[in-house]
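Subject: Structure handover

Hello,

Here is the structure you are taking over. Please keep it open while you read the notes below it.

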Amino acid sequence: MAETYKVRVTKDHLVFSSGHFISFEGDKCERLHGHNYRTAVEIENDLDPNQYVFDFIALKQRTKTITDELDHRMMLPTNSPCIAVAAGPRSVQVRFRDREWVFPRDDCVLLPLENTTAELLARYIGQRLLADLQQKHHFVPQVLRVEIEESFGQSAIYEWRGG
């Protein structure tokens with residue numbers, strides 16, 4: 001008999017309210033807008049000697065640390081092929097074709113993403129969480145899922161499976 005164990009955290013404090021815009025179809029760009037994002041994390045693994053998959057409290061804390069970095073910020077992609085982001089000490093200049101924006105540096109989070117879609121935000125949080133779990137807890141799950149809900153009924157899921 002094969003058994004699978006999972007833990008899942010999704011709490012009201014695993015949310016972040018952030019501004020963004022995305023480019024699409026190579027020549028279009030949304031207007032600035034924001035979402036109240038909600039994060040859920042699920043881990044699959046064998047039980048440890050304490051009969052845990054992973055400690056709920058530690059998983060919530062690690063996830064909250066990452067989502068807090070995104071909260072109340074303008075999220076900007078630094079690897080976009082069509083959105084140029086230039087950060088200075090006091091401001092960040094952003095350009096898409098003939099459109100330009102200037103944001104206070106402290107109000108921005110620069111993300112190593114091609115776009116700030118829910119899918120890529122889920123991957124970003126998942127990869128950060130994997131690195132954090134490995135470094136701080138010497139733990140690598142068999143499966144990690146991160147779901148980012150950008151509005152009710154509209155979410156994206158990133159799934160990582162260990163080798």
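His-138 comes directly after helix 2 and has a positive phi, near 50°. Helices here are DSSP runs of H or I with at least four residues, strands are runs of E with at least two, and both are numbered from the N terminus. This is a predicted model, in which local features need pLDDT of at least 70 and side-chain atom pairs count only at pLDDT 80 or more, while totals for chains, interfaces and linings use all residues. Residues are numbered from 1 along each chain as its sequence is written, and side-chain values use heavy atoms, with hydrogens and water left out.

Helix 2 itself has 20 residues. From its first C-alpha to its last it reaches 27 Å, close to the expected 28 Å (1.5 Å times one less than the number of residues). Its buried residues include Leu-120, Leu-121, Tyr-124, Ile-125, Leu-129 and Leu-133. Asp-132 is also on the list of buried residues in this helix. Buried means under 20% relative accessible area, exposed means over 50%, and partly exposed lies in between, with a 1.4 Å probe and protein chains only.

Next, the aromatic rings. The structure holds three aromatic pairs. Rings of Phe, Tyr and Trp (its six-membered ring) pair if their centres lie within 6.5 Å; planes under 30 degrees apart count as stacked, over 60 as edge-to-face and the rest as tilted. One of the pairs is Phe-54 with Phe-139, which is tilted, at 4.7 Å centre to centre and 35° between the planes. What does this pair tie together? Phe-54 lies in the loop between strand 5 and helix 1 (56–70), and Phe-139 lies in the loop between helix 2 (118–137) and strand 11, so the pair ties together parts that are 85 residues apart in sequence. Both Phe-54 and Phe-139 are buried.

Strand 5 (residues 33–44) has several partners. Two strands pair if DSSP finds at least two bridges between them.

- Strand 1 (residues 6–9) pairs with strand 5 in the antiparallel sense over four bridges; Arg-8 has Glu-42 as its bridge partner there.
- Strand 2 (residues 15–20) is also antiparallel to strand 5, over six bridges, and Ser-17 stands opposite Asn-36.
- Strand 11 (residues 143–151) runs antiparallel to strand 5 and is joined to it by seven bridges, with Arg-38 opposite Glu-149.

Strand 8 (residues 91–96) and strand 9 are joined by six bridges, and Val-92 stands opposite Phe-103 in strand 9.

Last, the protein as a whole. There are two helices and twelve strands, in the order β-β-β-β-β-α-β-β-β-β-β-α-β-β along the sequence. The C-alpha atoms fill a box of roughly 60 × 30 × 30 Å, taken along the principal axes. Of the 163 residues, 42% are buried. Among contacts (heavy atoms within 4.5 Å) between residues at least 6 apart in sequence, 62% join residues at least 24 apart.

Regards
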